[in-house]
Structures are given as C-alpha cells and as structure tokens.
Amino acid sequence: MPLVNGGKIVDDSFTKLAVDTPLPEGGDILVPAERFLADAEALLKRGGRIGVIWPNNRDIAELVPYLGKIAVVALVFPSFRDGRAYSQARLLRERYNYRGELRATGQVLRDQFVFMLRAGFDSFEVKKQADAEAFMQTAKRYSVFYQPTGDGRITALHRRMQLRHSEGVGT
C-alpha cells in the first residue's frame, strides 16, 4: 500500500503488527490501540520508534498521556462516509498540540485529500498507486481557505487583514 508523506511517495519504515504478533528486536513498529494501551511502558522502552493505529470509535483522550513519546498516530477511516477520524485529527493537532506524524489509513480517497490535510493529517496510506501519484496535484489545487483548522494555514480573512495592515489602510 503506497504511503504519501510530505507530498511524495515514500517507503514506510514502520512495520504493522497485529495484537498477537511477536515484537521484532528493533525497528519502527505500528501497533493497534488495544495492544499499545495494554503494554505501553514496555513498548515505549524498546528500540525503534512506536506508532499507534487508533480506531475512530475510541476516545482519543486515552492516548494523550503518551503523545510526546509516539512518533505516529494512524487514524482509521473504516468507510468514506465515516468522518470521525477528522474530529480526532483536529483534537490531536489543536487541543492536544500533537506534532508527530498524523497518518490517515483505511478508506483514504483522493477526493478527501484536501480535507484530510486541512484537518491536520500529513501522511496517507492509499490503496492505489494512481491516488498516490495524484496527491501532489490535488494538494496544490487550493491555496486559500476560509475556515481555520489544524493545518496551520492562514485563513483568507487573516490574509486580507495582514495585507491591509501592511499597506497602512485603516490606521
């Protein structure tokens, strides 16, 4: 499954493990939430970076005590009609100030790339190589937004106000 990060197709250094898969000696691993929460301290002490696959029906607040130690949070989109992972992403970025990699996994469709970026996602597991290749074009399509979100981009209103202030209008 192709991984898009930073607008490019990249190799995924993380190995996905199931709940009962034996831990490798080292290397980066991505584990289900259930496994992580059951043995968080041991997982955080092992060599390599840790990532957590977080289902969209689980309270993101359970993960908060560990955010400073987790390299990746992979939020699951089980269906293109289920948008709870968008809310989780915004909470992680805006309320909990998570700065690690925020990955979209599951039903990640090209039509939703811009919305996912706006919610704070910075990497995407896509099913088709063609979707991965289309990502850059999709992400560049829009440069001005009206709503503030977790991606840190300035809104159209704030951009206008900055322009007016720099021109000395209204002072």
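What covers the buried residues of helix 3? The cover includes strand 5 (50–54), strand 6 (72–77), strand 7 (101–106) and helix 4 (113–119).

This is a predicted model, in which local features need pLDDT of at least 70, side-chain atom pairs count only at pLDDT 80 or more, and totals for chains, interfaces and linings use all residues. Residues are numbered from 1 along each chain as its sequence is written, and side-chain values use heavy atoms, with hydrogens and water left out.

**Overall layout**

The chain holds six helices and eight strands. Helices (H or I, at least four residues) and strands (E, at least two) are DSSP runs, numbered from the N terminus. From that end the order is β-β-β-β-α-α-β-β-α-β-α-β-α-α. Of the 171 residues in the chain, 42% are buried. Buried means under 20% relative accessible area, exposed over 50%, and partly exposed in between (1.4 Å probe, protein chains only). Contact means heavy atoms within 4.5 Å. Among contacts between residues at least 6 apart in sequence, 45% join residues at least 24 apart.

Eight strands form an open sheet with mixed pairing, in the order 2-1-8-7-6-5-4-3. Two strands pair if DSSP finds at least two bridges between them. Strand 2 (8–10) and strand 3 are the edge strands, each pairing on one side only. The twist averages 25° from one strand to the next. Axes here are lines fitted to C-alpha atoms, for helices over the stretch in contact, and angles run from 0 to 180 degrees between N-to-C directions.

| Strand pair | Bridges | Residues standing opposite |
|---|---|---|
| Strand 3 and strand 4 | three bridges | Phe14 and Asp28 |
| Strand 4 and strand 5 | four bridges | Leu30 and Gly51 |
| Strand 6 and strand 7 | six bridges | Phe77 and Gly106 |

Strand 4 (residues 28–32) has five of its five residues buried, so it is largely enclosed by the rest of the structure.

Helix 3 (residues 84–95) has 12 residues. Its first and last C-alpha lie 16 Å apart, close to the 16 Å expected at 1.5 Å a residue. The expected span is 1.5 Å times one less than the number of residues. Ala85, Gln88, Ala89, Leu92 and Arg93 of helix 3 are buried. They cover an arc of only 125° around the axis, which puts them on the same side of helix 3. That arc is taken from the directions from the helix axis to the C-beta atoms. An α-helix has 3.6 residues a turn, so residues three or four places apart point the same way.

Helix 3 packs on the sheet and touches strand 5, strand 6 and strand 7. Its direction makes about 155° with that of strand 6. Asn97 follows helix 3, with a positive phi near 55°.

In the loop between strand 6 and helix 3 lies Arg81. Arg81 counts as exposed, at 70% relative accessibility. Arg81 and Gln107 are 26 residues apart in sequence and 9.2 Å apart in space, C-alpha to C-alpha.

**The cores**

A nonpolar core is a set of buried Ala, Val, Leu, Ile, Met, Phe, Trp, Tyr and Cys residues joined through side-chain atoms within 4.5 Å. The largest has 35 residues, of which Phe36, Leu63, Val73, Leu75, Phe121 and Phe124 touch the most other members. Helix 4 supplies the largest share of this core, four residues. Leu75 has contacts that include Ala85, Gln88, Ala89 and Leu92, not counting residues up to four places away in sequence.
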